[in-house]
Amino acid sequence: MTAGKTEATHPRLTRAHCQHLLQQMIRIRRFEEKCAELYTQEKIRGFLHLYIGEEAIAVGVMDALEADDAVLATYREHGHALARGLPMNKVMAEMYGKRDGSSGGRGGSMHIFDAEKRFVGGNAIVGGGLPLAVGLALADRMQGRERVTTCFFGEGAAAEGEFHESMNLATLWKLPVLFVCENNFYAMGTRLDLSESETDIHAKAASYRMPSEAVDGMNIVEVEAAARRAVATVRAGDGPYFLECRTYRFRAHSMFDPQLYRSKDEVKEREKKGPIVRFQGWVLDAGILHQADIDAIEADVAQEIDAAVAFAEASEWEAIETLLDHVGAVP
Amino acid sequence: MSEEITYREAAGAAIHDAMAADPRVFIMGEDVGHYGGTYAVTKGLLETFGPERVRDTPLSESGFTGAGIGAAMGGMRPIVEIMTVNFSLLALDQIVNNAATLRHMSGGQFNVPVVIRMATGAGRQLAAQHSHSLENWYAHVPGLRVLAPATVQDVYSMLAPALEDPDPVILFEHVMLYNRKGTLDRSAAVDLRSAAIRREGRDITLISYGGSLWKTLEAAALLAEDGIEAEVVDLRVLRPLDADTFLSSVRKTRRAVIVDEGWRTGSLAAEISAQIMEEVFWELDAPVGRVCSAEVPIPYPRHLEEAALPQVPAIIAAARAALGKQGEPA
Amino acid sequence: MPSLGADMDDGVLVEWDVKPGDRVSRGDIVAVVETQKGAIEIEIFESGTITRLLAAPGDTIAVGAPLAELDGPAATAGETEAAKAAPAPSAKAAAEPAAETLPERPAAPTIETPAVAATAREKTAPAVEAAPAAKAAPAGRVRASPAARQLAAERGIDLAGIQGTGPDGAVVRDDVAGGKAPQPAPGARPAAPTKTAETTGPARRGFDVDEMRKAIAAAMSRSKREIPHYYLSHTIDMRVASGWLDELNAQRPPEERVLIGMLLLKASALALTRFPEFNGRYENEAFAPAPAVHIGMAVAMRGGGLVAPALHDVDRLSLEELMAKARDLVARVRSGRLRSSEFTDAGITVTSLGERGVDTVFGVIYPPQVAIVGFGTVAMRALATENGVDAVPTVCATLAADHRVSDGRRGALFLREIDKLLQVPEAL
Amino acid sequence: MTRDQLRHIFIEELMSIAPDIDLDGVPDTADLRDAVDLDSMDIMNLLIALHQRLGVDIPEADAIKLTTLGGAVAYLAERSSAT
């Protein structure tokens, strides 16, 4: 992360910053592609929800945050973990369920945590993280800390009571929460208009008198700019902020999903406007980056992934004797 | 120094003293502030500590319970008050899926030092949505500590260690106890591990907790008149259960009856019974008895409510049956 | 199964004294049943021929359930009882499907009982259900608690020979540990010949010391809680009575001798005919005088505990008859075998300390009785007599009586009446 | 009749009258009324049983001689040889 970037409410699109943004998105993309491969090899089990197509949001928002801000995400959180700065080795080992994973292997793909990075999961209950974010922000407020708690969730969460309860509480108590809704238009397989009477998600937040806006989540520049504005507002003590990032998931909901609910053409059409392809095209066209830079990024990332796989493979399984560890402080 | 106060006052005093002792402690919940608490436990706290630390919440059990969990993770020591255990079902997701799991899911990186208090139990003719005893639902969940203080001393003294516990604690206050008077020594410390022997006896072990404890003690007193000396175990802590205490009592008496206001099926009584079978089967002289609530949502009319709940005669009958004595005492 | 007390719900059949085909008459002893209070002989109140036995030794039978069928002129006890017993949920043992191992016992008569019981159990659905009701042990398997089995296995004791005092008559640990109950292995008591084991066999059951202690505790607590006792004491000059008795006994073989206690009993009985307010029951806030003089004779158990079975119509018995009855009663107490009626119908208790006791005994009334007469040891004591102070045999008679029913004045007259009667022993 | 036989008979009758007592460890010289808590009715029953079984006459005044095991055997030996 570049020093001083959060002071600006607009991203400064320097070569270094663009390279950073692109590299983060490509890291996530290639990492997840590798995960899908490893899943078919049964190295990764359980549910595996891929973020492919939505990378601009995690990368764009995360860049607007400080090191001591808290981040909560969902079960589709590999991208957020990597963007937040968790070492890829630990994330990959967690995907394997190994001892050196970010949660010691206990959580797996859906429950990546890192206390040092204030990355508070990995919550696999839709909407379940929102009240926690409200509480974390409440603690900051009561203790006089100017920290921001950012909570990522999908548009499916807007149908949950916890979403509305949290919107209300955060605004009522003017808590420093940045709500980031990643609206990929499908709650698993149910299209937004089949599940919501009001499909304009950010309008729901606005009804709680929360500052709220919708942005193109496939455009990392727009996401980052909006996130910086939002974070500045929240950090200033003006209460919560709601950012709806409209996006699209290119892969299935999880690995075992034949995608009966949408056509291949629809996916293809969307992929053409994917966040990486768009940003990469733009930086090349604008002459900010060159193909060689991109090749270098790809090479870097490939190396990092190979190392992460090797790390995860080499890591030990937790001993059965430790089964009951981490249930309570006092066993 | 001892004082004679009600359970309600003791519960309130515990919160007051905890808040006075530690600025991280605050209380939040429906009507805890301006209203003074549904059961008047928090009366007067708003005036003393202000609205930041005595925080009225909207009727959003999941939202504010989750917020309490989050605040605990953020370094505070919240006391979340949920009006009744029935309403806590709206917060079950936060308690079970978050509070109880976060430490484990995160490989021990995060912990949730929250205390969630709630009223439980029947006896006030509040009918089927305000009267149930679902303590066992929480006692089922690893990652939670579940307390059921039955005495004035316990309801006061359990709060401080509960707040010191790095993990979530659920604290049940039976509605029929609030007006009960008892002796409180504020300086006495209690632990959050042990069951208590409230009455010693050699003939049979009666195991109970919370509101049923007093009925059980009453039954034990009546049994004594009939020459039956019952030992009464107050579980105090419903999770983790202090099996050592009740098992060693049953080893002594060789007979046990469990009095539990929860419904019989899948009850805490069933769990205790199973543990007795597992651990002391060969030392038993009678099948383990259970006195539980009837399998019906708690009805409104007094006579039906009373019929649905464990009562003294039923406890006596169960104890006598376990001793091979049928019918009414001589 | 007759009810032998309000607190009796069932009994365990110990033995049959009759078999199908036997003719029985009213008053015959037909069976022995074990209860909380000991083994009790069951008298039959009908005459006829036993046609079949409905229960086997070891069965727990609910009060009201039939034990046997009788072929006779009137409606048989069996049939009457059967009708009464059917709806009782606890009447399980009687209909327990044990027929295959007990061929003399047809399963037919109350075969529907288990179903009735099960239905009743589901429907009642009350908060209590301490011990699941459906639990009659399979025939041939002794119902014994795990603790009892464990101890029996450790000590090599056969559970089948032990009478249970637990739920539904199950053998519990104390029944095994008690040791008093049957069978020390042969040779465990080398001085004792084999007849001992037989004598102490099936009939020598019960009188569980702990249970008895509890029963006494309950009755005496109730007595002291409910009955306002008053106490009187009076020293009786026994010169005439003992002199007369010594002379009598000197002439007689042992079986015809009379103990001095019989004089005391008989005198008490005769006195009671004049003072009926000391003989009866106080129940439901009212006193009902007893129609006859049945006296509970307190008999101490070795090893603790006591029972006070009734001697019937003491006022009408000769001293010899009384002695024979008392001897029989004590012998049966020793062997744990008492009759049902002996437990229930005494109107007063007399406790006598015998020759090795102390001077005075103040009794506690056995509810619902209203009085207890106590006699200390008959011994030589200093007494002012017509000759001055002399050493003479005396006995201290006491009365503890229920002040709700009688007053001290009448009590005093009652004790004096006993004194008076003892001065004319030949009239007793 | 030998002393052993008499002893056997005495114990047998005693156990029949009072099956609930335990003679283990009771010395021959012990007063049975103290050692195993026999009362006057028990003694009376014992006299009767011995009288009937052995046919020996036991005057009331001699009852006291039957209150120890040793004394009883000696007494019975004396009386039964006399007849």
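I looked up A:Q24 and found it in helix 1 (residues 15-40) of chain A; helices are DSSP runs of H or I with at least four residues, numbered from the N terminus. The model is predicted, so I note that local features need pLDDT of at least 70, that side-chain atom pairs count only at pLDDT 80 or more, and that totals for chains, interfaces and linings use all residues. Residues are numbered from 1 along each chain as its sequence is written, chains are lettered from A in the order in which they are written, and side-chain values use heavy atoms, without hydrogens and water.

I checked the accessibility of A:Q24: it counts as buried because its relative accessibility is 12%, where buried means under 20% relative accessible area (1.4 Å probe, protein chains only). Leaving aside neighbours within four places in sequence, A:Q24 is in contact (heavy atoms within 4.5 Å) with A:V59, A:L82 and A:A83.

Next I turned to chains D and C. I find 31 residues of chain D in contact with 28 residues of chain C. The buried area is about 2800 Å², with 56% from carbon and sulfur atoms; this is the accessible area (1.4 Å probe) lost on putting the two parts together, summed over both. On the chain D side, D:P19, D:D20 and D:M41 lose the most area to chain C, together 23% of what that side buries.

I looked for salt bridges (a Lys or Arg side-chain nitrogen within 4 Å of an Asp or Glu carboxyl oxygen) between chain D and chain C and counted zero. Helix 1 (3-17), helix 2 (32-35) and helix 3 (40-54) of chain D each supply at least two residues of the side touching chain C. Helix 3 gives the most, with nine residues.

Definitions and conventions
Buried means under 20% relative accessible area, exposed over 50%, partly exposed in between (1.4 Å probe, protein chains only).
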